[in-house]
Amino acid sequence: MLSKNRIRELQSLHQKKVRINDRRFIAEGRKIVTELVHSDFPVEQLYATSEFLNQFDSAFIKRIPEIHEISEDELQRIS
């Protein structure tokens, strides 16, 4: 379960000035997330539902340092 502060932090990344200041962004969707994880781009965190995570093998999951399994409702709130 995500805290209210974490939800606000993730929602703030929808603002361009926050993304530029923090040098972070949100990538949404199976294709983009898969391409980012397989690229040389450093992926810090992944917030995903259990259904999404079950689509991938353990080698894919091991490439991501911090994985947060969240509910569909939480995902909608940060999207």
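**Packing and pocket**

Tutor: Apart from neighbours within four places in sequence, phenylalanine 52 is in contact (heavy atoms within 4.5 Å) with Arg30 and Val33. The model is predicted, so local features need pLDDT of at least 70 and side-chain atom pairs count only at pLDDT 80 or more, while totals for chains, interfaces and linings use all residues. Residues are numbered from 1 along each chain as its sequence is written, and side-chain values use heavy atoms, with hydrogens and water left out.

Phe52 and Val33 both belong to the largest nonpolar core, whose nine residues also include Val37, Leu46, Ala48, Leu53, Phe56, Phe60 and Ile64. Two or more of these residues come from each of helix H3 (30-38), strand S1 (45-48) and helix H4 (50-53). A second, separate core has eight residues, among them Leu2, Leu10, Ile70 and Ile78. A nonpolar core here is a set of buried Ala, Val, Leu, Ile, Met, Phe, Trp, Tyr and Cys residues joined through side-chain atoms within 4.5 Å. Buried means under 20% relative accessible area, exposed over 50%, and partly exposed in between (1.4 Å probe, protein chains only). Helices (H or I, at least four residues) and strands (E, at least two) are DSSP runs, numbered from the N terminus.

Helix H4 also holds Glu51, which is exposed, with a relative accessible area of 52%.

The largest pocket holds about 720 Å³, and 26 residues line it, with Phe25, Ile26, Ala27, Gln45 and Leu46 nearest its centre. H3, S1 and helix H6 (72-78) each give two or more residues to this lining. On a 1 Å grid over the protein atoms alone, a pocket is an open set of points where a 1.4 Å probe fits, with protein on both sides within 12 Å along at least five of seven lines; lining residues have an atom within 4 Å of a point. The volume is the space filled by probe spheres set on the points, which are joined across faces, edges and corners.

Arg24 sits in the loop between helix H2 (16-22) and H3. Its side chain makes a polar contact of 3.0 Å with that of Glu9 (a pair of N or O atoms within 3.5 Å, one able to donate a hydrogen and the other to accept it; residues adjacent in sequence count only if both atoms are side-chain atoms). Beyond four places in sequence, Arg24 is in contact with Glu9, Leu13, Arg19 and Glu44.
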